[in-house]
Amino acid sequence: MYEKLNRFEQIVFDICSVLLVVFYSWAAVVQPMATQYHRGVYVIITYVLAFLLYKAKTKIGRVIDYLLILGSVVSIGYWIIMFEVINYRTGAETTTDAVFAIIGVLIGIELARRVVGSVFVILGTVMMLYGVYGYLAPDLVSHAGAPFTELCVSIFYKSDGVFGIMANVLATYVILFVLFGAFLEKCGAQKFFIDWPLAAVGHKIGGPAKVSVIASGLFGSISGSAIANTVSTGMFTIPMMKKAGFKPHIAGGIEPAASIGGMFMPPIMGAGGFIMAELTGVPYSTIMLVAIFPALMYFFSVFCMVHYEAKKNDIVGEKSEFSAMEIFKKQWFYIMPLVVITIFMLYGFSPGYSAILGLVSCIAVSYVRKDTRIGPKQFVQASRSGTENSLKIGATVGVIGIIIGVLTFSGLVLTFADIMIELAGGSLLLTIFLVALASLVLGMGVPVTAAYLITAVVAVPALTHLGVNEIAAHMIVYWLSQDSNITPPVCIAAFAGATIAKANMWRTAFSAFKFAKFLYLGPILFGYVPGFSLNGSSMDIIKAFIAIFFGTWLYSWILSGIWIKYLKDFFSKKTTS
C-alpha cells in the first residue's frame with residue numbers, strides 16, 4: 001500500500017514513522033511524557049498515516065482524505081493543547097470544546113471503517129444511539145440517555161473514552177513492540193526461526209508440520225498478530241507440509257492453529273498482555289510468568305495432534321542439510337533480542353524500556369552479517385514496516401473509545417456482570433461458554449485485541465464474582481478472544497492459510513478449528529484449576545502442572561482420532577484370524 005502513495009506522501013509517511021520510533025524511545029528510556037503528549041502524539045500520527053495509506057479511489061475522495069487528515073490534526077491537536085484547561089472545566093465545556101469533540105468522534109468512526117470495515121461503523125453507531133436513546137431500551141439495560149453533544153464530549157475528553165486505556169496501551173507498549181518485531185525481522189532473525197526447527201524436527205514423523213508449530217511459537221511470540229504469523233511463516237511451512245504429504249486443507253489448517261499460540265506466548269503476547277497488565281494493575285512480568293505454562297501446553301497440544309495426524313498417514317519429513325546444533329552455533333545471536341527483553345522485564349524494568357533495549361540489540365545483531373546490517377536506510381524501512389503494521393489496531397482506538405465510553409457513561413459496565421450471571425444461572429462453565437460466544441461474535445468484526453478489551457470490561461467482573469481470581473478471569477477472556485481467528489464462520493487466519501495452501505476455505509477452517517481445540521480447554525482450566533494460573537501453594541501448582549501435562553497429551557490423542565485407526569486395525573486382525 002505504501003508503494004501506491006506519491007513521493008510527497010511517502011516522505012511524510014517515513015518522517016512520521018521515524019518520529020514514532022524516536023519519540024516513544026525517548027519517552028520509554030529518557031523522559032516520560034505528559035499524558036496529553038504520550039497518548040495524543042500516537043493517536044494523531046496514527047490517524048494521519050491511516051488516512052494517507054487507506055485512501056479513497058477518486059480524486060474528489062482524495063481531497064476528502066486530506067480534509068479528514070486536517071480534521072484529525074485540529075481536533076486531536078486541540079485536545080493536546082487544551083488538555084489541562086478542559087480538565088479544569090469538566091462539566092462546563094464550551095461550544096468550541098463540543099465542536100472539536102464531535103469532529104474527533106465522527107472521524108474516529110470513519111477511520112475504523114476505512115481500515116477495519118463497516119462492522120465498526122455499525123458498532124459505533126449502535127453504541128452512540130444507545131448512549132442517546134438509552135431510556136427507550138428494555139429495563140434490563142436502560143439508562144437515562146444524554147444529548148448527542150454531551151455524549152461526544154464525554155467520549156472525547158474523559159479518561160475512559162477515545163484517549164482512554166486503549167490509546168494508553170497502544171502508545172505505551174504496542175507501538176514499541178510492533179516496531180521491535182519489524183526490526184527483528186529486518187536483522188534476519190526470521191530465517192533462524194524457521195531454519196533451526198527445520199533442522200531439529202523436520203526429518204521426524206510429520207516433521208514439516210512440527211516445524212510450523214515451533215516456528216510459529218518463536219515468530220508468533222514477537223509478531224503480535226496471528227494473521228501476520230500465519231502469512232509470514234506459512235509462506236514457507238505450508239508448501240513444505242504439502243510436499244511431505246499433508247493434504248492441502250490440513251496443511252492450511254495447521255499453520256493458523258499454531259500461529260494463534262503466539263498470542264499467548266511471552267515475551268510479547270500480542271497487545272493483550274499489556275492491556276491485561278493495565279487493567280489489573282499487575283506488573284507485566286507477572287502476567288508473563290502466568291502465561292508461560294498455558295502457552296507451552298497450547299503448543300504441546302497442537303504438536304501432539306500434528307504428530308498423530310502424520311502417523312495416521314505415514315508422513316515423514318526430509319533431513320535438513322545442516323544439523324540443528326550447527327545452525328544454532330552459527331546463528332544463536334538471533335535470539336539475543338528476545339533474551340534481552342525477557343531478562344529486563346523479569347528484573348522489573350518497564351516493557352517499553354525493555355522493548356527499546358531489544359530494538360537496539362536488533363540493530364547490534366544485524367551487524368554480525370554484512371547483508372543484514374541496519375543502516376539509516378534500513379532503519380527507515382523497519383520503522384515504516386512497524387508503523388504500517390500498527391495501523392490496523394491503532395485505527396480502532398476511536399470506536400473502542402466510543403464503546404467503552406458509552407458502557408461507562410450508561411452504567412452498563414456495572415450491571416452487565418449481573419446480567420451474565422443471571423443468564424448462566426450462576427454456572428461458571430456456562431458463563432465461560434457465554435464469554436466464548438460473545439468473543440466469537442465480536443471478533444467477527446473487530447480485531448481480536450479489541451474484542452478482548454471490550455469483552456474483558458464486562459465479563460471479568462462476572463467471572464471474579466463466581467470465584468475465579470482476577471488474572472485467571474482475564475486469561476479466560478483473552479484466550480477466548482482469539483477464537484474468531486480459527487473458528488468458522490469468520491476465521492481470517494484460517495482463510496489466510498487456505499489461500500497459501502490453495503485449499504478449500506471451509507475444509508481448512510474446520511481443520512484449523514480441530515487442531516486448535518486446546519484454545520477451549522485452556523479457559524476451563526483457568527476457571528477450575530487455580531494452579532494453572534500460579535494461584536496456590538508450590539505443591540498445588542506442581543501437581544496441577546503434572547496432571548495438565550498428561551491430560552493435554554490424552555486430550556490431544558483423543559481429538560486426533562488415531563485411536564479409531566487402532567480400533568479398525570484391531571478388529572480387522574480379529575476378523576482375519
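Q: What makes the crossing of α14 and α26 right-handed or left-handed?
A: In this predicted model, α14 passes α26 in a right-handed crossing. A crossing is called right-handed if the near helix is turned clockwise from the far one by less than a right angle, and left-handed if anticlockwise. Helices are DSSP runs of H or I with at least four residues, numbered from the N terminus; α14 covers residues 284-312 and α26 residues 518-528.

Q: At what angle do α14 and α26 pack, and how far apart are their axes?
A: The angle is about 150° and the axes are 10 Å apart. Axes are lines fitted to C-alpha atoms over the stretch in contact, with angles from 0 to 180 degrees between N-to-C directions.

Q: Which residues of α14 and α26 meet?
A: P294, M297, Y298 and S301 of α14 meet F518, L519 and F526 of α26, contact being heavy atoms within 4.5 Å. By class, this contact has six nonpolar, one polar and no charged residues. Pro, Met, Tyr, Leu and Phe are among the residues that count as nonpolar; Asp, Glu, Lys and Arg count as charged, and those in neither class as polar.

Q: Why is T552 called buried?
A: T552 has a relative accessible area of 1%, and buried means under 20% (1.4 Å probe, protein chains only). Therefore T552 is buried. T552 lies in helix α27 (residues 538-560) and, leaving aside neighbours within four places in sequence, contacts M297, F300, S301 and F518.

Q: How are residues and atoms treated here?
A: Residues are numbered from 1 along each chain as its sequence is written. Local features need pLDDT of at least 70 and side-chain atom pairs pLDDT 80 or more, while totals for chains, interfaces and linings use all residues; side-chain values use heavy atoms, without hydrogens and water.

Note on methods: Helix = DSSP H or I, 4+ residues; strand = E, 2+ residues; numbered from the N terminus. Buried < 20%, exposed > 50% of the residue type's maximum accessible area, 1.4 Å probe, protein only.
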